[in-house]
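Subject: Structure for your review

Dear colleague,

Please find the structure below, followed by an account of what was found in it.

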Protein chains: 10
Amino acid sequence: MTREDVTRTIAARRVELGLTWQSLADAVDRPVVWTTAALLGQHPIPRPEAEVLLEKLGLSPDLVPILGAVPVRGTDRDVVRNDPTIYRLYEALAVYGPALKELIHEQFGDGIMSAINFSVDIDKKPHPSGDRVVITLDGKFLPYDWVSAD
Amino acid sequence: MTREDVTRTIAARRVELGLTWQSLADAVDRPVVWTTAALLGQHPIPRPEAEVLLEKLGLSPDLVPILGAVPVRGTDRDVVRNDPTIYRLYEALAVYGPALKELIHEQFGDGIMSAINFSVDIDKKPHPSGDRVVITLDGKFLPYDWVSAD
Amino acid sequence: MTREDVTRTIAARRVELGLTWQSLADAVDRPVVWTTAALLGQHPIPRPEAEVLLEKLGLSPDLVPILGAVPVRGTDRDVVRNDPTIYRLYEALAVYGPALKELIHEQFGDGIMSAINFSVDIDKKPHPSGDRVVITLDGKFLPYDWVSAD
Amino acid sequence: MTREDVTRTIAARRVELGLTWQSLADAVDRPVVWTTAALLGQHPIPRPEAEVLLEKLGLSPDLVPILGAVPVRGTDRDVVRNDPTIYRLYEALAVYGPALKELIHEQFGDGIMSAINFSVDIDKKPHPSGDRVVITLDGKFLPYDWVSAD
Amino acid sequence: MTREDVTRTIAARRVELGLTWQSLADAVDRPVVWTTAALLGQHPIPRPEAEVLLEKLGLSPDLVPILGAVPVRGTDRDVVRNDPTIYRLYEALAVYGPALKELIHEQFGDGIMSAINFSVDIDKKPHPSGDRVVITLDGKFLPYDWVSAD
Amino acid sequence: MTREDVTRTIAARRVELGLTWQSLADAVDRPVVWTTAALLGQHPIPRPEAEVLLEKLGLSPDLVPILGAVPVRGTDRDVVRNDPTIYRLYEALAVYGPALKELIHEQFGDGIMSAINFSVDIDKKPHPSGDRVVITLDGKFLPYDWVSAD
Amino acid sequence: MTREDVTRTIAARRVELGLTWQSLADAVDRPVVWTTAALLGQHPIPRPEAEVLLEKLGLSPDLVPILGAVPVRGTDRDVVRNDPTIYRLYEALAVYGPALKELIHEQFGDGIMSAINFSVDIDKKPHPSGDRVVITLDGKFLPYDWVSAD
Amino acid sequence: MTREDVTRTIAARRVELGLTWQSLADAVDRPVVWTTAALLGQHPIPRPEAEVLLEKLGLSPDLVPILGAVPVRGTDRDVVRNDPTIYRLYEALAVYGPALKELIHEQFGDGIMSAINFSVDIDKKPHPSGDRVVITLDGKFLPYDWVSAD
Amino acid sequence: MTREDVTRTIAARRVELGLTWQSLADAVDRPVVWTTAALLGQHPIPRPEAEVLLEKLGLSPDLVPILGAVPVRGTDRDVVRNDPTIYRLYEALAVYGPALKELIHEQFGDGIMSAINFSVDIDKKPHPSGDRVVITLDGKFLPYDWVSAD
Amino acid sequence: MTREDVTRTIAARRVELGLTWQSLADAVDRPVVWTTAALLGQHPIPRPEAEVLLEKLGLSPDLVPILGAVPVRGTDRDVVRNDPTIYRLYEALAVYGPALKELIHEQFGDGIMSAINFSVDIDKKPHPSGDRVVITLDGKFLPYDWVSAD
C-alpha cells in the first residue's frame with residue numbers, strides 16, 4: 001500500500017463517518033491546516049498522532065509506518081488550474097506575485113519567504129459586506145547567503 | 001505605447017531614481033501592495049494617483065490615460081515557476097492548496113475566497129529565530145449560488 | 001469509492017435505463033443544467049435531492065454522503081480541446097473573449113462576471129434558417145474592490 | 001503593416017481619444033460585440049465600416065484593405081488562462097461544458113452549436129443583490145450529417 | 001461499462017475474428033469511413049446498425065444503448081503526433097493548412113469548411129509510379145454569419 | 001532578409017495590391033494550392049516562377065535566391081489550434097484519423113500515405129443544401145519496407 | 001488483450017528466460033533491429049515469424065493475430081526525453097538535425113529521407129580509444145513531388 | 001552581436017552568394033556535417049577556420065571571437081517537430097529508439113553511445129529502387145561507471 | 001512483473017521493515033547513493049547484490065533477473081517540479097546552470113561533465129549556523145571530439 | 001535598459017575583450033561561480049563590485065543601479081533541456097534526484113537542502129582515466145518546521 005492509497009482511503013472514510021477536519025485536528029491537538037494537509041498526504045505524521053487519527057477513522061494501526069514516512073509532496077497541476085476554489089489562490093499569485101517579490105526585497109533585502117519554516121492559517125472574519133476568508137502565510141525570511149560547509 | 005511599455009519604463013525609472021515602492025504608495029496614500037501591483041501593470045490607476053506617480057517618476061502626464069485603462073492581468077507562468085522568491089508562494093499553494101480548499105468548505109460551505117473583493121498585505125514580524133514575512137490574503141467568501149437575472 | 005467512480009456509475013446507469021437529464025432534473029425540481037452538471041460531478045448534491053436521484057437510477061442510498069461532499073471541480077483540458085461540441089464553446093471564447101472583457105469593463109467598470117454567483121441556461125429557439133442553441137451565462141458583476149477584514 | 005500592428009494601433013488610439021466601443025459600434029450601426037471583436041482583429045471589416053471607423057480613430061484610410069482581409073483568428077492561450085475577467089468565462093466552460101454537451105445532445109440530437117453562424121450579446125441586468133452580466137451565446141444547431149458533394 | 005471499454009473490446013474482437021472493416025460496413029450498408037470511425041468510438045450507432053454489428057462481432061446486444069449514446073469525441077494528441085500513418089495527415093495540414101485557409105476565403109468568402117456537415121472518403125487509385133491513397137474531405141461551407149434567435 | 005521576412009512582405013503586398021492567389025497561380029501556370037503554399041513559405045520557388053511572382057507583386061528580383069532555397073516548413077501549432085478555419089481540418093483529423101489509418105492498412109497493407117509525393121486540391125462544389133468545400137489529399141502509398149543501401 | 005499487453009508480456013518473459021534479442025532474430029532469420037522493434041510493438045509480425053517467436057518465448061499461439069495487426073506506433077515522449085541512452089540519440093538530432101536537413105537538400109534536392117522505406121543497423125566497432133556504437137540510418141530519398149492520381 | 005545574430009547573417013549570406021556547404025567545408029578541410037553544424041551555431045569555430053569562412057562569406061573578421069566562443073547548443077523543438085525533413089529523423093527515433101537502447105545494452109552492456117565523442121556522416125548511395133540517404137551516427141560507448149575523483 | 005512493480009514493492013517493504021537505505025548499502029558494500037538509486041529503479045543490480053538485498057527485504061529471489069536488466073531511467077518531471085526537496089536541486093540548476101556551463105568551458109574547454117562516468121555523494125557537515133547538506137557531483141570531463149570508427 | 005539587456009551586453013563584451021570569468025571574479029575577490037552567475041543576471045551586484053566589473057568590461061557606470069537591483073531569476077527551460085552541457089546536470093537530477101531526497105530525509109529528517117543559504121563550487125580534479133569536473137552543492141538543511149510569527 002502506498003501513501004496515495006492511504007490518502008484516498010482516509011478521504012473516503014472521513015466523508016463516510018461525517019468527521020470534520022477540525023475534530024481530527026483537535027483529537028491530536030495540532031493546527032487544523034497542518035492536520036488537514038498531513039492527512040491529504042503532504043506531511044509525515046508522527047506515530048502518536050497517526051495512532052489517534054487512524055483510530056478515529058476506524059483504520060488499521062498497520063498504516064502507522066506509511067503515514068510516518070516523508071511523502072513525495074505537491075499537487076497535480078491540473079487540479080491547481082481547474083478547481084475554482086484552489087484556482088483563486090493561484091490567481092492571487094498571478095496578479096500579486098511580482099508585487100510581493102518586490103516588497104519582500106524592499107523590506108527584507110534579497111531573499112525569499114521560506115515555505116519550509118512556515119505556517120499557514122485560515123480564519124473566518126465577519127465584515128459588514130459579508131464574511132471573509134483570511135489566509136495567513138507566515139514564513140521565515142531567508143536572505144540569499146553564499147555559505148559553504150568549511 | 002502599450003501598458004506593457006509603460007510598465008517597463010516605470011520599472012526602469014524607479015530603479016534609476018532610487019525610489020522605494022513604499023514612498024510611491026505614500027505619495028498617493030494607498031496600500032503598498034496595491035500600489036506596487038498597479039505600477040507593475042495589474043490594476044488601472046485613477047487619474048489623480050496616476051498624475052502624482054508619473055510626476056514623482058519624472059514621466060509625462062500623457063501616460064495618464066494608458067494607466068487608467070483596465071489592463072490585461074496576470075504573470076507569465078515561466079516567471080512564477082522560475083524565480084525562487086515567487087516560486088515559494090506557488091510551492092505553498094501546491095502543498096497546502098487542497099487543505100485550504102477543504103477548510104474553506106468546512107468553515108464556510110461550498111464556495112470560494114474571492115480574488116476580486118480582496119486585499120493582500122505583507123508584514124515584517126520579528127521572531128526569536130529570525131524575521132518573518134507574513135502575507136495575508138483576505139477575500140470575501142462567495143458561496144456557490146445559482147442565481148439568474150430575472 | 002470516490003466521487004469520480006460514482007460519476008462514472010451514474011453516467012453508465014442513466015444510458016442503460018434510458019433516462020433523460022430533464023427527467024432527472026424534474027424529479028428534484030431543479031434547473032436542468034445544474035442537475036446535469038451536479039450528476040457529472042461538478043456540484044455537491046444535498047441529501048434530499050441525492051436520495052431521489054439515486055433511487056431513480058437504481059443506486060444505493062449509501063452514496064448519499066459522497067454526492068454531498070464538495071467535489072474537486074473542472075474538466076480535463078484534453079476533452080475541452082478535442083470534443084467538437086465542447087470545443088465550439090471554447091472557440092467562441094477564443095474569438096470573442098477579449099471583446100467581452102472590454103465590454104464588461106466599459107459597461108460595468110473594472111471587475112469580472114462571477115462564475116460562482118452564476119447560472120447557465122440552455123434553450124432551443126426556432127429560426128427560419130434552422131433551430132438555434134441559445135446558451136445564457138448569467139453572473140453577478142464583481143467590481144475589483146480592495147477590502148480587508150478589519 | 002500586419003493586422004496585428006493595426007490592432008495594436010487601434011487599441012492605443014481608442015484609449016488616447018477616450019472613445020467607447022459602443023460609440024464606435026453606433027457609428028457603423030453594428031452590434032457592439034461584433035464591432036469590438038472586429039476591431040480587436042477577429043473579423044474582416046467591410047470597406048464602408050472600415051472607412052468610418054478609421055476616420056473616427058483618426059487613422060489613415062490606407063489601412064482599409066488590411067482591415068478587409070480575413071484575419072488569423074484566436075486569442076493567445078496565456079491570456080485566456082491568466083486574465084481574471086476572461087478566465088471566469090473559461091472556468092464556466094470547465095465546470096458546465098460537459099453538461100451543456102449532454103443537453104445539446106438531449107434537446108437537439110447529435111451535433112454542435114455553431115460558432116460561425118453565431119452571435120454573442122452582453123447585457124447589464126439589475127438584480128436586488130447586484131447588477132448582473134448576462135452573456136448570450138446564440139448559434140445554429142448543426143446536426144452531424146454525413147453528406148458528400150455528389 | 002463505458003464507451004471506451006466497448007471500443008477496446010470491439011477492436012480486439014475484430015482482429016481475433018479476422019473481420020475487415022469493409023465487411024462490417026457492408027453488413028450495415030454504410031460508408032466504410034463512417035462505420036470504422038463509429039466502431040472506434042467517434043459516432044453514436046443507431047440501434048439497427050448496432051444490433052447487426054454486435055452480432056457479427058459476437059458481442060452481447062446489451063451493448064446497444066452504449067453504442068447509441070453520443071460519445072466524447074477526439075483522439076489522444078500523442079497518437080496523432082507519434083504514429084507515422086496518422087502523422088502524415090497532420091503534416092499535410094501543417095504544411096498546407098494556411099494555404100487552404102487562404103483559398104477557402106478566396107473562393108467562398110469568410111467562413112469555414114464544416115467538419116459536422118461533412119464526409120470523408122478514401123480511395124485506392126492506380127498510378128504509373130505506384131498506387132495512391134486519395135482522401136477526400138467534403139464539408140459544407142459555412143459563412144461567418146452574425147445571426148441571433150429573435 | 002530571411003524567408004520569414006519575405007513571406008510577410010509578400011502577404012502584405014498581395015492584400016495591398018488586391019491580387020488573388022488564383023491570379024498569381026495563373027501567372028506561373030501552377031496549381032493554386034501549391035502556389036499559395038509556396039508563397040506562404042512552404043516550398044522553394046524555382047527561379048522562373050519566382051521572377052514572375054515577384055514582378056507581379058512589385059518586389060525586387062533580389063529576393064529570387066531566398067525564394068529558391070528550401071525553407072524550414074510547418075505552421076505554428078497555436079495557429080493550427082486557434083484559427084477556426086484551420087482548426088476544422090485538425091478536428092476532422094482528430095475524429096477520423098484513426099479510422100483512416102485502419103483503412104489505409106486494410107486497403108494497402110502496412111504503410112503510409114506519403115505527404116511528399118503528394119498533392120492537395122480544393123474545389124467548390126454546388127449542393128442543394130449549400131456549396132461544399134471539397135479538399136482532396138492525394139499521396140502515394142509507401143509500404144513499410146526494410147531496405148538498405150548495399 | 002491489446003498489443004501493449006502482449007508487448008509487456010514478451011518483454012517480461014524474455015528477461016525471465018534470459019533470451020537475447022539476437023537469438024530471437026536468428027530464430028526467424030530477420031535483422032536484429034527489426035526483430036527487436038517488432039517485439040517491442042512497432043511492427044506487425046507475419047504469421048510464420050510470430051509462431052516461432054511465441055514458441056521460443058513459451059507463449060500461446062493465440063497471440064498470433066494480435067502480433068499480425070498493424071500497431072499504433074511511436075514511443076512515449078517522456079521516455080525519449082528521460083532515459084539517458086535514448087536521449088543521446090535525441091541530442092544528436094537536436095545538435096545536428098538542421099545540418100543534416102541542409103545537406104540532404106544540397107546533395108539530393110528538396111525532399112526527405114524516408115523513414116518508411118528505411119532500415120536501421122547497429123554495429124560494435126573497435127577503436128583505439130574505446131569501442132564505438134555505430135548506428136546507420138538508411139532511407140530512400142523522396143523528392144517533394146506534386147503528383148495527383150489522375 | 002550574439003552568436004544567433006551571426007548565424008542568421010551567415011545563413012542569409014550563403015544563399016545570396018550561392019555557396020554550397022560542401023565548398024565551405026572544403027575551404028577549411030573539415031567534414032561537411034561538422035562545418036555545416038558549426039556555421040549553424042552548434043560548435044565553436046577555431047580562429048583559422050573562422051577567418052577563412054568569414055572571408056569566403058564576405059563578412060568581417062571582427063566576428064572571429066564570437067564564432068570562437070562555445071555556443072548554447074540545441075534546436076528549437078518546434079522545428080524538430082514541424083519540418084518534414086528533420087521530423088523523419090525524429091520519427092525514426094520514436095519507432096526504433098527503444099530497440100536501439102535494448103541492443104546497445106545487449107551488445108555493450110549498461111551505458112550509452114556518446115553524443116560528444118561522436119561524429120555524423122551523410123552519404124548518397126545508389127540503389128535500384130532509388131537513391132538512398134545514409135546517415136551514420138558514430139559514438140564512443142560509455143559504460144555506466146561509478147567513479148569519483150579521489 | 002515489471003521493474004516499476006518491483007520498485008514499488010521494495011519501497012513499501014523497506015518502510016514496513018523500518019530498514020534504512022544505509023543499512024541496505026552496507027549489506028552489499030556499495031555507496032549509499034548508488035544503492036538507493038538502484039533500488040529506486042535507476043540501475044541494474046548485479047546478481048550477488050540483488051540476492052542479498054532481496055533477502056534483507058524478505059522478497060523472493062525470483063526477482064533477481066528483473067533487477068538485473070537495464071531499466072528505463074529517469075524521473076517523472078512532475079515529481080521533479082513539485083516535491084520541494086527535489087525541486088531545490090532543480091532550482092539550483094536553474095539559477096547556476098548557465099554559470100557552470102561557462103566555467104566548465106573556461107576550465108576544461110568545449111565539452112561536458114559526463115553523467116555516466118559519474119558518481120554522486122551526499123554528506124552531512126556541521127556548521128555554526130546549522131548542519132549543511134553537501135552534494136558532490138563528480139563526472140569525467142568529455143571534450144567534444146569528432147571521431148569516427150574507421 | 002533592463003537587466004536582460006545589460007546581461008547580453010556584458011556577455012558580448014567579455015567575449016570581445018577576451019576576459020575570463022576567473023579574472024572578473026579575481027577583480028572583485030568573489031567566488032567564481034557567484035561572479036559568473038551574477039554577471040549572467042542571477043544575483044544583484046553590490047555597488048563596489050559593480051563599479052569594478054563595469055570598468056573592466058569598459059561599460060558605463062550608469063549601469064550600476066541596474067546591476068544592484070534584485071533580478072528575476074531562473075533560466076529558460078528550453079536551454080536547460082537542449083544544451084548538452086547543462087542537460088547533463090539535469091540528467092543527473094532525473095536519475096539521482098529521488099535517491100538524494102530519500103537520503104536527505106534519512107540523514108537529516110524531513111526538510112530540504114536550502115538553495116538560498118547555499119553555495120556552489122566547481123573544481124578540476126585529475127584522475128588516471130581523465131580529468132574530472134567536480135561540482136559541489138552546499139546548502140543549509142532546513143527542517144520542515146511549523147512556526148508562526150506570534
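**The interface of chain D and chain F**

Between chain D and chain F the count of salt bridges is zero, a salt bridge being a side-chain nitrogen of Lys or Arg within 4 Å of a carboxyl oxygen of Asp or Glu. This is a predicted model, in which local features need pLDDT of at least 70 and side-chain atom pairs count only at pLDDT 80 or more, while totals for chains, interfaces and linings use all residues. Residues are numbered from 1 along each chain as its sequence is written, chains are lettered from A and ligands numbered from 1 in the order in which they are written, and side-chain values use heavy atoms, with hydrogens and water left out.

The contact (heavy atoms within 4.5 Å) involves 17 residues of chain D and 16 residues of chain F. About 1300 Å² is buried between the two chains, and carbon and sulfur atoms give 57% of that area; buried area is the accessible area (1.4 Å probe) lost when two parts are put together, summed over both. D:Arg73, D:Arg77 and D:Ala149 supply 35% of what chain D buries against chain F, more than any other three residues.

**Chain A**

The C-alpha atoms of chain A fill a box of roughly 55 × 50 × 30 Å, taken along the principal axes. Of its 150 residues, 58% count as buried, that is, under 20% relative accessible area (1.4 Å probe, protein chains only).

Yours sincerely

Terms used:
Buried means under 20% relative accessible area, exposed over 50%, partly exposed in between (1.4 Å probe, protein chains only).
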